[in-house]
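Dear colleague,

Please find the structure below, handed over for your records.

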Amino acid sequence: MTQIYLHNTLKNRKQEFIPIDSNNVRMYVCGPTVYDKAHLGNAKTPVVYDVLYRLLCHVYGRNHVTYVSNITDVDDKILNKHKETGKSIREITEQTYNWYIEDMAKLNVQAPNYRPRATEYIADMIELVKKLLENGHAYEADKQVLFDVDSMPQYGTLSGRSMKEMLAGARVEVADYKKNPADFILWKPSDADQPGWDSPWGYGRPGWHLECSAMSSKLLGNDFDIHGGGSDLIFPHHENELAQSCGAFPGTHYAHYWVHTGMLMINGVKMSKSLGNFYTVDEILAKYPAEALRLLFLTTHYHQPFNFTFEGLEQA
């Protein structure tokens with residue numbers, strides 16, 4: 001059988017891929033938060049994992065591979081878009097979802113076996129929080145439920161950082177109700193005009209990290225083969241996913257291989273709306289063939305930063 005080697009972030013090295021069960025190879029990749037049109041960075045990641053999915057199907061057989069890529073349709077970015085535009089949350093998420101599906105189709109990205117939406121798995125998220133509280137990995141404070149990072153000695157294993165390094169410059173909210181500044185929200189209260197669901201901790205909504213843990217475990221099991229996403233998700237998102245999933249299900253490993261795509265740069269500079277170097281997929285595809293953009297994404301090793309230039313696109 002063909003040997004596949006993947007750069008495993010968990011081990012910080014290239015490893016031969018050996019599935020848990022070759023008759024049931026399972027991969028989960030973090031999908032988009034549907035609040036705006038997909039930019040080039042949003043497109044590169046699914047193109048890369050589309051190639052990996054095709055390779056896995058080629059080696060193990062399409063009927064033996066399960067690929068899940070989620071849709072985040074409850075998030076503070078969506079709430080902000082609602083306040084900014086006045087459009088309903090439903091209208092924003094549906095319109096953005098349809099744009100994304102159209103972009104992926106143009107880029108010849110095959111649909112995953114499952115494309116779960118976060119709002120469809122709220123009950124599973126609530127059950128996950130209950131397990132974490134029962135197992136001593138979470139606590140209630142200030143009407144919220146938080147994960148207790150000090151209860152998990154191996155916290156930081158994925159990103160390879162010390163607690164001091166993780167807190168420095170990270171997207172971590174410092175609050176006096178936290179036992180440790182790195183503790184992250186599992187469940188938070190919602191106002192009457194915000195999306196929310198009834199729970200044992202009151203009307204509220206899940207934290208961002210909780211969503212992927214619940215959906216991946218529900219569809220792939222508590223131990224599965226590959227977890228993918230952009231390198232910007234390693235910390236805090238994937239670090240927190242790993243911690244809460246292992247905390248909820250003791251004795252499991254969650255994902256065995258963590259595969260990350262490198263950041264997308266524009267002419268050597270990080271893409272940013274404020275710098276005016278921000279391009280959406282539909283802007284590019286209005287002027288260039290989708291095949292050229294797809295090919296360009298694949299000219300750099302998936303794990304390395306990718307530098308987008310119009311010269312490179314012209315060549316592709």
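What percentage of the 316 residues of the protein chain count as buried? The share is 53%, where buried means under 20% relative accessible area, exposed over 50% and partly exposed in between, with a 1.4 Å probe and protein chains only.

Please note that this is a predicted model, in which local features need pLDDT of at least 70 and side-chain atom pairs count only at pLDDT 80 or more, while totals for chains, interfaces and linings use all residues. Residues are numbered from 1 along each chain as its sequence is written, and side-chain values use heavy atoms, with hydrogens and water left out.

Overall form

The protein chain contains 10 helices and 13 strands; these are DSSP runs numbered from the N terminus, helices being H or I with at least four residues and strands E with at least two. Its C-alpha trace spans about 55 × 50 × 40 Å along the principal axes. The radius of gyration of the protein chain is 20 Å, in agreement with the value near 20 Å of a compact globule, because the chain has 316 residues. That radius is taken over C-alpha atoms, and the globule rule is 2.2 Å times the number of residues to the power 0.38. Of the contacts in the protein chain with a separation of 6 or more, 73% are between residues 24 or more positions apart; contact means heavy atoms within 4.5 Å.

Strand β9

Strand β9 pairs in the parallel sense with strand β3 (residues 25–29) over 3 bridges, two strands being paired if DSSP finds at least two bridges between them. Within this pairing, Met27 stands opposite Ile226 in β9. Strand β9 also runs parallel to strand β10 (residues 254–261), to which 7 bridges join it. Here Asp223 has Tyr254 in β10 as its bridge partner.

Helices α9 and α1

Helix α9 (residues 290–297) is mostly covered, with 6 of its 8 residues buried. They are Ala290, Ala292, Leu293, Arg294, Leu296 and Phe297. These residues pack against several elements, including α1 (40–60), α3 (89–106) and α10 (310–315).

Val48 lies in helix α1. Val48 is buried, with a relative accessible area of 10%. Leaving aside neighbours within four places in sequence, Val48 is in contact with Thr261 and Tyr302.

Yours sincerely
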